[in-house]
Amino acid sequence: MIHVTNEGSKTDLKVDSYGRFLYFFVSYGAWINGFAYTRKVLAVDGTHLFGKYGGVLLSAMALDTENHIFPLAFCIVNSEGDASYQYFFEQLLEIVPNTNELCIISDRYPSIKKIVSKIYIEAHYGVCLRHLSENIRKNFHCGDWMHHFYDAAKAYQRDEFNDHFQQIKDLDMSVAKYLEDVGFHRWSRAHFPGNRYDVMTTNIAESINSMFLAEREFPITALFNSINSRFAQKFHGRRMMLANTSTICVPSVERKIRENVTIGNTLLAHQISFHTFSIIGHGSVAMIDLNNRTCSCREFDLNKIPCPHAIAAIKIQFGDDYG
C-alpha cells in the first residue's frame, strides 16, 4: 500500500526462517526526491519503542534549506547493534549514494561508526557536539569553561581553532587529550574533511524522538501511518508558507545575507584581479575569489552563503546596485 500511495518509495521487510518479524525499513518517495535538494548531512539516531514487543526506531534526518527537519528514512529493529545498523545502512545505501559529499553525524554509538566505515566508505563521519560536551562535562567536571570547547569546535580557521584549543590545554590537559583521542576531524569544523555546514549536533534526529513520543507505544503500522500523516501536514504547511515568496533564496538565507550586507558595507575592498579581492576591516585582511566562491575566512567555503567579505567584493565587482 505504501508503494501504491507513495510512488518511488523504498521499503523492506525482513523476517527470520520461521516467518517472524525482524526488521522493517521505509523511506517515502517524496522524502527521497526531496533529499536531492537538501544539504547532504544526515543525523542518525535510535530511540526505544514502548509497545508490547519493544524494539528500537532508527531514523536518518536532514535539514532543508529553511533549516526545517527533513526526514529521510525510518527503520524498526529489535535493538541497537552491529546487525541492526548493518541492515539500516544497507537499505539506506539504495537511496543515498556513497559519495564524499555525504556527511553522517551520530552520538558516537560504536556500531554506527563501525558500520558507516564499512558501507559508506567515501562519506565523512562526524560526532554530535552536544553528546561530546556532555561526556566531557560528566567525566571531567569542567562545566565552567565549556564555551572554550564550543568556540574551538565552531571555528572556521585552524589558527582560530588552535587559539581556543590552547586555552583548553592550559585549563585541563586530560580534556585536551580526550578530545585529541576522539579526533579533531570528527568534531572540529576547521579540521572536518567534508562539509557539515552548521549541522553540528544530532538534535534534528532527537527532536523526532520527542515528536512521536506517544506514537512509540503504537503497533508498527499505526506508528508509520502517524509518521506519514504528520510529515504530510508539515510539508503542506511549509509549501503554502513559501508558495508566494518573491525572493530567490528562502527567508532564513535572505536574513543571513542582509546581515552580511550590513557588515560588508563597512569593509574596504581592493580588486587584485577580475575575480580576486583583498578585503580589509575589523582588524583583519581576507582574500576573496568570487570565481571559486572561496574566502580565507572559510565561512563562504563551508556555509555556501556569501560572507561579509564576499559581499564587499561583489559590491566592487557589480556596483552598488548588485541586488
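Q: Which residue in S9 is the bridge partner of Ala269?
A: Ile279 is the bridge partner of Ala269. Keep in mind that this is a predicted model.

Q: How many bridges join S8 to S9, and which way do the two run?
A: 4 bridges join them, and the two strands run antiparallel. S9 covers residues 276–281.

Q: What is the strand order in that sheet?
A: The order is S8-S9-S10-S11. The sheet is open, has 4 strands and pairs antiparallel.

Q: Which are the edge strands?
A: Strand S8 (268–271) and strand S11 (294–295). Each of them pairs on one side only.

Q: What holds strands of a sheet together in general?
A: They pair through backbone hydrogen bonds, either parallel or antiparallel.

Q: Which helix lies across S8, S9, S10 and S11?
A: That is H14. Its direction is at about 120 degrees to S9. Strand S10 spans 284–289.

Q: Which one gives the most?
A: H12, with 6 residues.

Q: And how does the lining of the largest pocket split by class?
A: 14 residues are nonpolar, 6 are polar and 6 are charged.

Q: Back to Lys304. Where is it found?
A: Lys304 is in the loop between H13 and H14. Its phi is positive, about 65 degrees, although Lys304 is not a glycine.

Q: What about Arg108, what is its phi?
A: Near 70 degrees, which is a positive value in a residue other than glycine. Arg108 is found in the loop between strand S6 (103–106) and helix H4 (110–119).

Q: Why does Arg108 count as partly exposed?
A: Because its relative accessibility is 33%. Partly exposed lies between buried, under 20%, and exposed, over 50%.

Q: One more. What volume does the second largest pocket have?
A: About 340 Å³. Of its 17 lining residues, Phe21, Tyr53, Gly54, Ile76 and Ile220 are the closest to the centre.

Q: Which elements give two or more residues there?
A: Strand S2 (21–27), strand S5 (69–77) and helix H11 (220–242). By class, the lining of the second largest pocket divides into 10 nonpolar, 4 polar and 3 charged residues.

How values were computed
Residues are numbered from 1 along each chain as its sequence is written. This is a predicted model: local features need pLDDT of at least 70, side-chain atom pairs count only at pLDDT 80 or more; totals for chains, interfaces and linings use all residues. Side-chain values use heavy atoms; hydrogens and water are left out. Ala, Val, Leu, Ile, Met, Phe, Trp, Tyr, Cys and Pro count as nonpolar, Asp, Glu, Lys and Arg as charged, and the others, Gly among them, as polar. On a 1 Å grid over the protein atoms alone, a cavity is a set of points where a 1.4 Å probe fits but cannot get out, and a pocket is an open set with protein on both sides within 12 Å along at least five of seven lines; lining residues have an atom within 4 Å of a point. Grid points are joined across faces, edges and corners, and a volume is the space filled by probe spheres set on the points. Two strands pair if DSSP finds at least two bridges between them. Contact means heavy atoms within 4.5 Å. Axes are lines fitted to C-alpha atoms, for helices over the stretch in contact, and angles run from 0 to 180 degrees between N-to-C directions. Buried means under 20% relative accessible area, exposed over 50%, partly exposed in between (1.4 Å probe, protein chains only).
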